[in-house]
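I have the model open and the notebook beside it. Here is what I looked up, entry by entry.

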Amino acid sequence: MTPPNPPSEPATQLVVVLSNSSADAQGAALLALRYAATAAAMDVATQVHIVSGAAVRLFERTGVSAPLAAQAQQAREHGVEIFACPMALAEQGLRTDELVAEVCGVRGAASLLGSGFTSGARFLSF
């Protein structure tokens, strides 16, 4: 199989969508944050959007695992912006102040799409 051609222009923004609600949602979240931190370290503006209730629950301050907290902190240190979906928060009955400090704020579908549709942007979904 021939690998696909690389994009003609380098990505100037990466939008990581975290929606995994499977049994290994934590593993997907760790991987998403690792890729986000790596892209940010490569000087690519990077955002993570947590869009499902199960995924947003992982970032609850009182229940976050140590590995996920550390990976979120590393991503933020590299400049990654992490956002939670307002509908996912409502679905779980969570408020923004109940999430880990690394979550920058709340952004919905329109913001996610607006970020991803800019010239040079790429989506990565977990």
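**Entry: R57 and its partner.** I began with R57, which counts as partly exposed because its relative accessibility is 32%. My classes are these: buried means under 20% relative accessible area, exposed means over 50%, and partly exposed lies in between (1.4 Å probe, protein chains only). The side chain of R57 meets that of E60 in a salt bridge, at 2.7 Å from N to O. For this term I require a side-chain nitrogen of Lys or Arg within 4 Å of a carboxyl oxygen of Asp or Glu. E60 has a relative accessible area of 16%, so this residue is buried.

**Entry: ground rules.** The model is predicted, so I take local features only at pLDDT of at least 70 and side-chain atom pairs only at pLDDT 80 or more, while totals for chains, interfaces and linings use all residues. Residues are numbered from 1 along each chain as its sequence is written, and side-chain values use heavy atoms, with hydrogens and water left out.

**Entry: the other salt bridges.** How many salt bridges does the rule give? The count comes to three. I found R95 paired with D97 at 3.1 Å, N to O, and E98 paired with R95 at 3.9 Å, N to O. These salt bridges share partners and join R95, D97 and E98 into one network. R95 and D97 are both exposed, whereas E98 is partly exposed, with a relative accessible area of 23%.

**Entry: charges overall.** I then looked at where the charges sit on average. The mean positions of the 7 positive and 10 negative charges of the protein chain are 1 Å apart. Here Lys and Arg count as positive and Asp and Glu as negative, with His and the chain ends not counted. Each charge is placed at NZ of Lys, CZ of Arg, CG of Asp or CD of Glu.

**Entry: layout of the chain.** I read off five helices and five strands in the protein chain. They are DSSP runs, H or I over at least four residues for helices and E over at least two for strands, numbered from the N terminus. Their order from the N terminus is β-α-β-α-α-β-α-β-α-β.

**Entry: overall dimensions.** A compact globule of 126 residues would have a radius of gyration near 14 Å, and the protein chain agrees because its value is 14 Å. The radius is taken over C-alpha atoms, and the globule rule is 2.2 Å times the number of residues to the power 0.38. Along the principal axes, the C-alpha atoms fill a box of roughly 45 × 30 × 30 Å. Buried residues make up 42% of the 126 residues. The protein chain exposes about 6,700 Å², and carbon and sulfur atoms supply 56% of that area. These accessible areas come from the Shrake-Rupley method with a 1.4 Å probe; for residues, only the protein chains shown count as cover.

**Entry: contacts across the sequence.** I call two residues in contact when they have heavy atoms within 4.5 Å. Of the contacts with a separation of 6 or more, 76% are between residues 24 or more positions apart.

**Entry: H49.** Is H49 buried or exposed? H49 is buried, with a relative accessible area of 1%, and it lies in strand β2, residues 45-50. Leaving aside neighbours within four places in sequence, H49 is in contact with V15, V16, V17, L18, F83, R107, S111 and L112.

Entry: V103 belongs to strand β4, residues 103-106, and is buried at 9% relative accessibility. Not counting residues up to four places away, V103 touches I50, F59, I82, F83 and A84. V100 sits in the loop between α4 (86-92) and β4 and is buried at 8%. With the same exclusion, V100 touches F59, R61 and V64.

**Entry: A37.** I found A37 in helix α1, buried at 5% relative accessible area. A37 and Q74 are 37 residues apart in sequence, yet their C-alpha atoms are 6.8 Å apart. Beyond neighbours within four places in sequence, A37 is in contact with A75, H78 and V80.

**Entry: D43.** Last, I checked a backbone angle. Most residues other than glycine have a negative phi. D43 has a positive phi, near 65°. D43 is in the loop between α1 (25-41) and β2, and is exposed at 72% relative accessibility.
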